Amino acid sequence: MPSQHHPAPAETRPVRVATVPLGDGHELKITATTRRGRNVAEARLWSVVYSAHSGVRTVATRRGFIVPADALPALVDALAAAVAILATTGGPV
């Protein structure tokens with residue numbers, strides 16, 4: 001039986017959704033993209049790096065996570081619940 005070549009699923013160029021400053025030289029960058037044929041959101045931790053040669057720049061760390069698009073509503077609900085809990089307990093919101 002001859003082998004069939006199946007092209008890899010298309011991947012899209014990431015679209016920046018938001019950059020959230022976290023303090024201490026870190027920020028969380030959120031992007032929307034397609035990976036392996038699935039629509040996803042990616043959250044990646046970036047760090048500010050100082051260099052005499054290149055000045056100040058941000059670099060991606062290995063820390064982050066990918067959320068399938070169909071799971072995003074549940075993640076949004078969970079984050080909203082965390083905000084509500086911290087707001088009612090006097091947390092830093």
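Helices (H or I, at least four residues) and strands (E, at least two) are DSSP runs, numbered from the N terminus. The model is predicted: local features need pLDDT of at least 70, side-chain atom pairs count only at pLDDT 80 or more, and totals for chains, interfaces and linings use all residues. Residues are numbered from 1 along each chain as its sequence is written, and side-chain values use heavy atoms, with hydrogens and water left out.

**Overall fold**
- Of the 93 residues in the chain, 14% are buried (under 20% relative accessible area, with a 1.4 Å probe and protein chains only).

**Ala60**
- Ala60 belongs to strand E4.
- Ala60 touches Arg44, Leu45 and Trp46 (heavy atoms within 4.5 Å), leaving aside residues up to four places away in sequence.
- Between the C-alpha atoms of Ala60 and Val48, twelve residues apart along the chain, the separation is 9.1 Å.

**Lining of the largest pocket**
- A pocket is an open set of points on a 1 Å grid over the protein atoms alone, where a 1.4 Å probe fits, with protein on both sides within 12 Å along at least five of seven lines; lining residues have an atom within 4 Å of a point.
- The largest pocket is lined by 13 residues, and Leu28, Ile30, Phe65, Leu75 and Leu79 lie nearest its centre.
- Helix H1 contributes the most to this lining, with four residues.

Terms used: Buried < 20%, exposed > 50% of the residue type's maximum accessible area, 1.4 Å probe, protein only.
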